[in-house]
Amino acid sequence: MLVMEKNAMTEEIELLVSKYGQSRSSLIPILQDIQRKHKYIPDFAQQEVARLLDIHPVEVFSVISFYSFLNTTPKGKYIVRLCQTISCDMQGKAAVAKAIERELGIKFGETSRDSKFTLEFANCVGMCDQGPAMIINERVYSKLTPEKAVQILNELK
Amino acid sequence: MENKKRKGDVLFSKYNRGEGVKKALSITREDILFELRDSKLKGRGGAGFPTATKWTIVAAAIADQKYIICNADEGEPGTFKDRVLLLEYPELVFEGMVIAGYTIGATKGIVYLRGEYEYMLSSLEDYLASMRQDNLLGKNILGNSNFDFDIMIRLGSGAYVCGEETALIESLEGNRGEARNRPPYPVNTGYMGMPTVVNNVETLASIPHIINKGGEWYRKHGTDKSSGSKLFSVSGDCLRPGVYELPWGTTISELLKIVGAKDTKAVQVGGASGICLPKSQFDRSLAYEDVATGGSIMIFNESRNMLHVLKNFMEFFVEESCGQCTPCRIGNVKLLEGVEMIEKGEYKFGYINQLKDLGKTMQVASKCGLGQSSSNAFISILENFKEEIFNGNGGGNGK
């Protein structure tokens, strides 16, 4: 990280700390905001959050490692989470997953080379009556077919 | 955004925004607790703890601050009733929290919304803002000079175990979502160590109706031991999946008829942590005294491979076990390995029986509800569908 980037990150985290309050209970909302903006929580950000909340950096890392929506390595601009639980599975999740993999040329668990897309499976996203379903960043898509899923991705490309 | 007209006798019955809070503020806290006790309302998350008891303990506690938490971390596979309640009936959920706050003496309410539902956040925030404008939230609610209350929404981050109330509180406090030892229960030592009521979305949504129409009216629905109605999230092999409000005591075959299910082989009641019932048990009724459930109903027709279903559930638990206690962390991995052995036809009956025993050990030895219930599917599917699973082609699951 460049010094300027570091300074910007520190400033950003200071703003978040003043927004949510300087207490341990603010940790997760702060991390969620960093994650939403940068798509991951860099080492430096973890250290700064720890310093500003006055907790040990390993505490911050420990929390990040627990939650599947928080991560310490970069992800794509669009994080595609396809539901893999049984109701979506029975409604054709596998065919949708294959179509998405073919279209983007990457497998689930991977990020595309242009850092545009990350593919992940999610556990039950609560759309069981309208499966297969996926969530891309903060939007939910239901009743997918392989064709429809690919079309949605192409619109984001 | 969903906006269907839904039918139901209790939760989906007619309700005018603000009615419940208005009525609650016009009567005493004791009256509210009386109606609640009279209604015999039990927790709708699945565990079925009497709501009046929870509220009474917290109301009686002496503390600087008390909290009411709405558990909207709906993560059980096959459950989506809270999605419908929050999107279509937010007035019921939030007013239920206001009434809880008034009754127990709390000024702060927190909604713990699962991360997967982030797409609802802005509309829910807008709704809270409109309640503040109408003085249903904020200072001196509806002109009552002794009552301030506000609600904030906090997002989860993709951890199923945070639906367990003490794990949820840990998460709100900024920690890993690992369940605490109980006791002490949240009613004594909850969020920030203060007395806290944690209620399911559906439980809270029932409150304004109960206050409005009385506990006796509520009790008229359902059975003796299970009063009121239940929202069922129905998915799988049927013509009309969706959320249904039905009285407690409805049998599985009645429900299958309503949703248009044909050639049904099995019904998984209560999600991945629930039990799987074969045809011979479809006359059982959905109620706390028979098949208790948080409302997830997954339907499998004759074409489905039950071992595949079981494998999907076990993969879920291996991923979602928080890893804190050994029976759950290791147990679920062993059960999944067992399923894979059966899948490949490389198993011994003696070992599978040992795994069933392990499942029973997990039920008593795990620290929280996740590990205590994650072997239910393993035990019930292998028991109820053993002909299909073991008598197939060369023990290889009839493939």
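Trainee: This is a predicted model, so how do you know that β5(B) is paired with β9(B)?
Mentor: Pairing requires that DSSP find at least two bridges between the strands, and four bridges join β5(B) to β9 (residues 296–301) of chain B, the two strands running parallel. One of the residues concerned is B:G236, whose bridge partner in β9(B) is B:I299.

Trainee: And what makes β6(B) and β8(B) edge strands?
Mentor: The sheet is an open one of five strands in the order β6-β5-β9-β7-β8 (chain B), with mixed pairing. Both β6 (242–247) and β8 (275–278) of chain B pair on one side only, and each is an edge strand on that ground. Neighbouring strands of this sheet are turned by 30° against each other on average, with direction ignored.

Trainee: Why is B:K40 called partly exposed?
Mentor: Around B:K40 there are 18 other C-beta atoms within 10 Å; a buried residue would need 20 or more and an exposed one 12 or fewer, so a count in between is called partly exposed. B:K40 is placed in the loop between α2 (29–39) and α3 (51–60) of chain B, and its phi is near 60°, a positive value in a residue other than glycine.

Trainee: What makes B:D263 exposed?
Mentor: B:D263 has 10 C-beta neighbours inside 10 Å, and because the limit for an exposed residue is 12 or fewer, B:D263 counts as exposed. B:D263 also has a positive phi, about 50°, although it is not a glycine, and it is found in the loop between α10 (252–259) and β7 (264–269) of chain B.

Trainee: Which value goes with calling the peptide bond from B:R182 to B:P183 cis?
Mentor: Its omega is near -5°, and the bond from B:P183 to B:P184 is cis as well, with omega near 0°.

Trainee: Finally, how many residues does each chain bring to the contact between chain A and chain B?
Mentor: Chain B contributes 38 residues and chain A 31 residues. On the side of chain B that touches chain A, β3 (150–155), α7 (165–172), β5 (229–236) and α11 (306–320) each supply at least two residues, and the largest share, six residues, comes from α11(B). The residues of that side divide into 14 nonpolar, 15 polar and nine charged.

Methods:
Residues numbered from 1 in each chain as written. Chains lettered and ligands numbered in written order. Predicted model: local features only at pLDDT ≥ 70, side-chain atom pairs only at ≥ 80, totals over all residues. Contact = placed C-beta atoms within 7 Å. Nonpolar A, V, L, I, M, F, W, Y, C, P; charged D, E, K, R; others polar. Axes fitted to C-alpha atoms, helices over the stretch in contact; angles between N-to-C directions.
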